[in-house]
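Hello,

Here is the structure I promised to pass on to you. Have a look at it first, and then read on for what I found in it.

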Amino acid sequence: MGKQAKTNAMRYLEKCKVAYTAHEYPHEEGVAVDGVSVAHSLNEDVAQVFKTLVTQGADRNYYVFVIPVAEELDLKAAARSVGQKNVAMIPVAEINKVTGYIRGGCSPVGMKKQFVTVFDERALAQQKMYVSGGRIGTQVCCAPKDLIAAARATTADLIFHRAD
């Protein structure tokens, strides 16, 4: 694993005194990799790898949700968790402008601004969790409670449950 410069996410975790380990995975330069593939590349359980999703509420504010990579965000549950009537995913083209990160490299910490952030409650059941390290090809692993505290986040059930 080559020595790469620290990302904003890593610097933010260090500033918050959160212990983390950085992990790299193979990728094509500038091409986002789906989270399940990232979990497999890291030889980790998909339940421990989380993706960061950015939405905009009816009030035009941005909201960040962090859920397991193999799951789908329940937009109604997400909206309820932040006291909104509804939230919608922001267009991919806006991710960098809003967060400072690119698609596939968006971390819940170290964004341009602090947004209201909610982690899926399943994170608390994990001993460790992985999130983007702030660029494609890099993940950071830390204790869920530490990461949630650093993100100044809350937790809620955010997963879309299919009726079978």
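Lys 17 is exposed, since its relative accessible area is 74%, and exposed here means over 50%. Please keep in mind as you read that this is a predicted model. You will find Lys 17 in the loop between α1 (8-15) and β1 (21-24). Its backbone deserves a look as well: Lys 17 is not a glycine, yet its phi is positive, at about 60°.

Arg 152 sits in the loop between α5 (144-150) and β8. Is Arg 152 buried or exposed? With a relative accessibility of 58%, Arg 152 counts as exposed.

Now to the chain as a whole. The protein chain contains five helices and eight strands. Starting at the N terminus, their order is α-β-α-β-β-α-β-α-β-β-β-α-β. The radius of gyration of the protein chain is 15 Å, which agrees with the value near 15 Å that a compact globule of 164 residues would have. Along the principal axes, the C-alpha atoms fill a box of roughly 45 × 35 × 30 Å.

How much of the chain is buried? The share is 47% of the 164 residues. As for contacts, take those in the protein chain with a separation of 6 or more: 63% of them come from residues 24 or more positions apart. The chain exposes about 8,700 Å², and 50% of that is supplied by carbon and sulfur atoms. Its side chains include 20 positive and 17 negative ones, with the centres of the two sets 9 Å apart.

Strand β5 covers residues 116-120, and it is largely enclosed by the rest of the structure because four of its five residues are buried. Which strands pair with β5? One of them is β3 (residues 62-68), which runs parallel to β5 and is joined to it over four bridges. In this pairing, Tyr 63 stands opposite Val 116 of β5. Another is strand β8 (residues 154-156), also paired with β5 in the parallel sense, over three bridges. Here Val 118 has Thr 154 in β8 as its bridge partner.

Two loop residues on either side of β5 are worth a visit. Phe 115 belongs to the loop between α4 (95-99) and β5. Phe 115 counts as buried, because its relative accessibility is 9% and the cut-off for buried is under 20%. Leaving out residues up to four places away in sequence, Phe 115 touches Tyr 62, Val 64 and Val 98. Met 89 is 26 residues from Phe 115 along the chain, and the C-alpha atoms of the two are separated by 14 Å.

Gln 126, in turn, is in the loop between β5 and β6 (129-132). Gln 126 is buried too, with a relative accessible area of 18%. What does Gln 126 contact, apart from its neighbours within four places in sequence? Its partners are Ala 47, Gln 48, Phe 50 and Pro 144.

Key. Residues are numbered from 1 along each chain as its sequence is written. This is a predicted model: local features need pLDDT of at least 70, side-chain atom pairs count only at pLDDT 80 or more; totals for chains, interfaces and linings use all residues. Side-chain values use heavy atoms; hydrogens and water are left out. The radius of gyration is taken over C-alpha atoms; the globule rule is 2.2 Å times the number of residues to the power 0.38. Buried means under 20% relative accessible area, exposed over 50%, partly exposed in between (1.4 Å probe, protein chains only). Contact means heavy atoms within 4.5 Å. Accessible areas come from the Shrake-Rupley method with a 1.4 Å probe; for residues, only the protein chains shown count as cover. Lys and Arg count as positive and Asp and Glu as negative; His and the chain ends are not counted. The place of a charge is taken as NZ of Lys, CZ of Arg, CG of Asp or CD of Glu. Two strands pair if DSSP finds at least two bridges between them.
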